[in-house]
Amino acid sequence: MRPISIIGGGLAGLSLGIGLRRTGVPVTLTEAGQYPRHRVCGEFISGLSDQTIQRLGLARALSESVTLHRLQWYDAESLLRDDTLPAPAKGLSRWKLDESLADEFTELGGTLQTDSRSPRDAFNPGTVDCAGRRPRKESKWIGLKCHLQDFQLSADLEMHMSAQGYLGLSRIENGRTNLCGLFRNCGIKPPGNGAPFIFEYLRHCGFRRLLSRIEWATPIAGSECSVAALSYAAEAPIGGGLQLGDARGLIPPFTGNGMTLAFESAALALDPLRAFSRQEINWESCADSYTKSTRAHFGRRLTLARGLHRWLVSPALFPLTSAAARTPLFPFQSLFRLTR
């Protein structure tokens, strides 16, 4: 069988490696970091089907997730909506999930090389790019995250928005809460008092009521992380390569679908890559098959999500967004389903 090389050990890369190893495909995965580690991520998994879980063999890695049912949506001043999620979601930290997936991959005989980087500008047949987003030299966005202990959530998932960005708080394992947000990068410097950097952006964006609640919680040491140079435009594919997950393009985080999209992209790549490994098809046919299936599965979802992102983060439209969200006519349930 032809070997498969995977660049990037995030959700897409690890779950793809597990799925391939379960059918005997030889796989080498290179990851720039080590496990476990924190990542800027909503840690909210919604829309993930039982079929995808079974196809990739994710049941054990997801076994410690908590089930999430209820959502509340706020602006900086007050509650806008209180809804039940159309389908239960899962809450699980990347610290726990990535490590569990990495352990399972190696147990299945996969070769995992950590602290290792591979170039992304050229690809040989059998190489899959799962290395995440491609950084931009300039970006108006910054993503920030930390974990909290003893925070009193009003719902399983709280979404807070202002004209300067939005954030989510959701339950994860061990009674902890994940606090993660996307903000307009305004050049704020990290505080020198040891407080999480995200607190400064909450203050700047007017989330003072939320900050007064967070004061009673305890930030988890080492959980703080940040990422900049973000773009939510569609990515042009790199010639000759196969790109999965965020390497193909980011879905705006307010959808809560980024983690699921990474898993789904891995599931779509399994059959073409298995056929290539068994020498049933060439690399060009493998890449073409995967590209067509991702367009069919993700095209409408990504287009709608990017349009909603531009609407939600427009300062000029924010008062209209806030007012519309308060009304019973706001199509929350429909938008939720359409972005999945």
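Visitor: Which sense do E8 and strand E13 pair in, and over how many bridges?
Guide: Antiparallel, over three bridges. E13 covers residues 225-227. This is a predicted model, by the way.

Visitor: What is the bridge partner of Lys145 in E13?
Guide: Cys225 is the partner of Lys145 there.

Visitor: How does E8 pair with strand E12?
Guide: E8 and E12 (residues 218-219) also run antiparallel, with two bridges. Gln149 sits opposite Thr218 of E12.

Visitor: And over how many bridges do E8 and E11 pair?
Guide: Nine, in the antiparallel sense. His147 has Asn178 as its bridge partner in E11.

Visitor: Is E8 mostly covered or mostly open?
Guide: Mostly covered. Strand E8 spans residues 141-149, and eight of its nine residues are buried.

Visitor: Let's stay with E11. Where does Arg184 lie?
Guide: Arg184 belongs to strand E11, which spans residues 176-184.

Visitor: Buried or exposed, that arginine, and why?
Guide: Arg184 counts as buried because its relative accessibility is 18%, and the cut-off for buried is under 20%.

Visitor: What is Arg184 in contact with, beyond its neighbours within four places in sequence?
Guide: Lys140, Trp141, Ala163, Gln164, Tyr201, Val313, Ser314 and Pro315.

Visitor: Which backbone oxygen does the Arg184 side chain reach?
Guide: The one of Ala163, at 3.4 Å.

Visitor: How far apart are Arg184 and Ile251?
Guide: In sequence, 67 residues. In space, 17 Å from C-alpha to C-alpha.

Visitor: New topic: the sheet with parallel pairing. What is its strand order?
Guide: E6-E2-E1-E7-E14. It is an open sheet of five strands.

Visitor: Which strands stand at the edges, and why is one side of each left without a neighbour?
Guide: Strand E6 (111-113) and strand E14 (242-243). Each has a single partner strand, so one side of each has no neighbour in the sheet.

Visitor: How do E1 and E7 pair?
Guide: In the parallel sense, over three bridges. Strand E1 is residues 4-7, and strand E7 is residues 127-129. Ile6 stands opposite Val128 of E7.

Visitor: Which strands does helix H3 lie across?
Guide: Strand E2 (27-30) and E6. Helix H3, residues 94-107, runs at about 135 degrees to E6.

Visitor: On to H1 and H6. At what angle do their axes cross?
Guide: Roughly 35 degrees, and the axes come within 8 Å. Helix H1 is residues 11-21, and helix H6 is residues 258-277. The crossing is right-handed.

Visitor: Which residues make the contact?
Guide: From H1, Leu11, Ala12, Ser15, Leu16, Gly19 and Leu20. From H6, the set includes Met259, Phe263, Leu270, Leu273 and Arg274.

Visitor: How do the residues of that contact divide?
Guide: Eleven are nonpolar, three polar and one charged in the contact of H1 with H6.

Visitor: Last one: Ser65. Where is its place?
Guide: In the loop between helix H2 (50-56) and strand E4 (66-74).

Visitor: Is Ser65 buried or exposed?
Guide: Buried, with 18% relative accessible area.

Visitor: What does Ser65 touch, not counting residues up to four places away in sequence?
Guide: Lys90, Gly91 and Leu92.

Visitor: And which backbone oxygen lies 2.8 Å from a polar atom of the Ser65 side chain?
Guide: That of Leu62.

Methods: Residues are numbered from 1 along each chain as its sequence is written. This is a predicted model: local features need pLDDT of at least 70, side-chain atom pairs count only at pLDDT 80 or more; totals for chains, interfaces and linings use all residues. Side-chain values use heavy atoms; hydrogens and water are left out. Helices (H or I, at least four residues) and strands (E, at least two) are DSSP runs, numbered from the N terminus. Buried means under 20% relative accessible area, exposed over 50%, partly exposed in between (1.4 Å probe, protein chains only). Contact means heavy atoms within 4.5 Å. A polar contact is a pair of N or O atoms within 3.5 Å; within protein, one must be able to donate a hydrogen and the other to accept it, and residues adjacent in sequence count only if both atoms are side-chain atoms. Two strands pair if DSSP finds at least two bridges between them. Axes are lines fitted to C-alpha atoms, for helices over the stretch in contact, and angles run from 0 to 180 degrees between N-to-C directions. A crossing is left-handed if the near helix is turned anticlockwise from the far one by less than a right angle, and right-handed if clockwise. Ala, Val, Leu, Ile, Met, Phe, Trp, Tyr, Cys and Pro count as nonpolar, Asp, Glu, Lys and Arg as charged, and the others, Gly among them, as polar.
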